Amino acid sequence: MFFERHESGGETAVLVHIDFPEGPNREDLNEFRELVISAGADPVDLVTTRRPKPDAKTFIGSGKVEEIGHTLRLHGAELVIFNHSLTPSQERNLEKILQCRVLDRTGLILDIFAQRARTHEGKLQVELAQLEYQSTRLVRGWTHLERQKGGIGLRGPGETQLETDRRLLRERVKTIHNRLEKVHAQRDQNRRARKRSDIPTVAIVGYTNAGKSTLFNTLTNADVYAANQLFATLDPTLRRFPVDNLGEVVLADTVGFIRHLPHKLVEAFQATLQEAADADLLMHVIDCAAAERDGNIHQVELVLKEIEADKVPELRVYNKIDLLEHASARIDRDDSGRPVAVWVSAQEGLGLELLNQAIGELLGNELFDKDITLKPADGRLRAILYELGAIRTEHYSENGDMVLRVQMQLQDFKRALARAEIPESRFIEPVKEAWH
């Protein structure tokens with residue numbers, strides 16, 4: 001990478017959290033601790049306070065900056081992490097006063113993403129987000145230039161170096177954009193192929209650590225990395241999954257969301273998140289035992305709106321019912337009887353058959369479910385239907401014809417007829433136009 005990530009494993013860190021009133025600056029303290037631990041830092045102390053709004057110069061105020069400095073010296077810590085987004089000037093001011101590295105919430109999330117990315121595309125996306133973030137902070141390495149106003153005798157080589165860094169950064173960003181465009185083109189081509197084959201796509205979305213990858217692994221017998229930590233999954237994984245009365249669907253496991261997900265990350269992961277925007281159904285996995293459950297749901301809905309996936313039909317999956325008292329697997333339905341939520345436990349395997357049923361109901365709008373009669377010459381169609389797993393029962397009539405009970409998607413049945421070179425009109429009644 002152009003900007004090497006600081007190795008944060010084992011770094012002692014002082015955490016800073018401000019309890020703002022409800023609003024855009026408010027963050028969750030428990031989630032902050034989880035983020036820090038996920039990054040591999042060793043939190044030794046927490047400095048917290050209440051403020052109506054951030055301080056323009058240091059975000060937290062001069063008195064609290066002194067307290068942070070004392071805490072740093074007390075523990076011999078080498079890093080200060082804020083549970084808030086800082087401006088580049090606030091970050092520089094704090095580093096100048098505290099004489100140590102200062103990291104804000106955005107930088108912390110970027111660091112976690114840098115550790116988790118595994119695929120070529122994931123690494124490119126993370127690096128792009130890092131570069132966009134660092135572009136406003138380049139001056140950090142050249143603070144001696146702040147005294148140089150550019151007059152006679154004050155033009156130093158440092159100015160040229162800073163401009164060189166900026167030019168290299170712009171060139172690297174351009175290179176990554178070009179590489180990602182090729183990856184995006186391949187991903188778009190794969191999506192179009194799935195659309196042409198009429199295989200429905202179900203994208204798993206949800207707040208980070210809601211159990212998406214565990215559910216994905218349980219449903220598809222995959223081995224996607226799943227752990228009780230934030231952002232365990234960054235790279236999207238696709239697997240086929242058989243749904244009763246429907247056939248196969250494509251399940252897509254996606255990156256987890258988080259409140260105030262940095263906009264640059266949303267932009268960088270646009271191709272990955274496009275799996276959700278182009279899906280036929282969103283499976284919104286929710287940690288039903290989380291204290292911030294409603295807030296987490298709201299944050300996911302905000303990101304879905306940002307990536308224009310808010311119009312995709314959604315099924316809520318309340319996961320981890322094993323952590324609730326008196327909770328049982330069930331399907332919640334709306335007034336028309338349509339499934340809107342399923343309560344499951346991916347870890348314990350509870351309610352998965354109900355989830356399968358709900359997906360089948362939501363996607364199986366055009367189900368071909370009837371008896372068909374085949375002549376002995378129709379053996380090829382019979383073989384194709386068996387290959388597709390669409391035959392429920394079979395018996396022979398007195399004259400030797402085969403009577404099959406077929407249950408499958410109408411489009412799949414039409415494709416099977418085309419493969420067997422049998423006209424649709426033999427088994428499918430044409431749609432009659434209404435007279436006006």
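Student: In which helix is E387 placed, and why is E387 called exposed?

Tutor: E387 lies in helix α12, residues 379-387 (helices are DSSP runs of H or I with at least four residues, strands runs of E with at least two, both numbered from the N terminus). The model is predicted, so local features need pLDDT of at least 70 and side-chain atom pairs 80 or more, whereas totals for chains, interfaces and linings use all residues. Residues are numbered from 1 along each chain as its sequence is written, and side-chain values use heavy atoms, without hydrogens or water. The relative accessibility of E387 is 56%, and E387 therefore counts as exposed (buried is under 20%, exposed over 50%, partly exposed in between, with a 1.4 Å probe and protein chains only).

Student: Why is α12 called oblique to α13?

Tutor: The axes of α12 and α13 (residues 410-419) come within 9 Å and cross at roughly 140 degrees. That angle makes the two helices oblique (under 35 degrees is roughly parallel, over 145 roughly antiparallel, 65 to 115 roughly perpendicular, and the rest oblique). The crossing is right-handed.

Student: Which residues of α12 and α13 meet, and how do they divide by class?

Tutor: R380, L381, I384, L385 and E387 of α12 meet F413, A416, L417 and R419 of α13, where contact means heavy atoms within 4.5 Å. By class, this contact has 6 nonpolar, no polar and 3 charged residues.

Student: Why are α4 and α5 described by another term, roughly antiparallel?

Tutor: Helix α4 (residues 105-116) and helix α5 (residues 120-134) pack at about 155 degrees, with axes 10 Å apart. This angle is over the limit of 145, and the pair is therefore roughly antiparallel. α4 passes α5 in a left-handed crossing. T106, G107, L110, F113 and A114 of α4 meet V126, A129, Q130 and Y133 of α5; these residues divide into 6 nonpolar, 3 polar and no charged.

Student: What places α2 and α3 among the oblique pairs?

Tutor: Helix α2 (residues 62-75) and helix α3 (residues 88-98) pack at about 50 degrees, with their axes 10 Å apart; they are therefore oblique to each other. α2 passes α3 in a right-handed crossing. V65, I68, G69 and L72 of α2 make the contact with L94, I97 and L98 of α3. This contact has 6 nonpolar, 1 polar and no charged residues.

Student: Where is N399 found, and why is N399 called exposed?

Tutor: N399 is in the loop between β13 (391-396) and β14 (402-409). With 57% relative accessibility, N399 therefore counts as exposed. A polar contact of 2.4 Å joins the side chains of N399 and S397, and the side chain of N399 also reaches the backbone nitrogen of D401 at 3.1 Å.

Student: How many helices and strands does the chain have, and what percentage of its residues count as buried?

Tutor: The chain has 13 helices and 14 strands, and 49% of its 436 residues count as buried.

Definitions and conventions:
Axes are lines fitted to C-alpha atoms, for helices over the stretch in contact, and angles run from 0 to 180 degrees between N-to-C directions. A crossing is left-handed if the near helix is turned anticlockwise from the far one by less than a right angle, and right-handed if clockwise. Ala, Val, Leu, Ile, Met, Phe, Trp, Tyr, Cys and Pro count as nonpolar, Asp, Glu, Lys and Arg as charged, and the others, Gly among them, as polar. A polar contact is a pair of N or O atoms within 3.5 Å; within protein, one must be able to donate a hydrogen and the other to accept it, and residues adjacent in sequence count only if both atoms are side-chain atoms.
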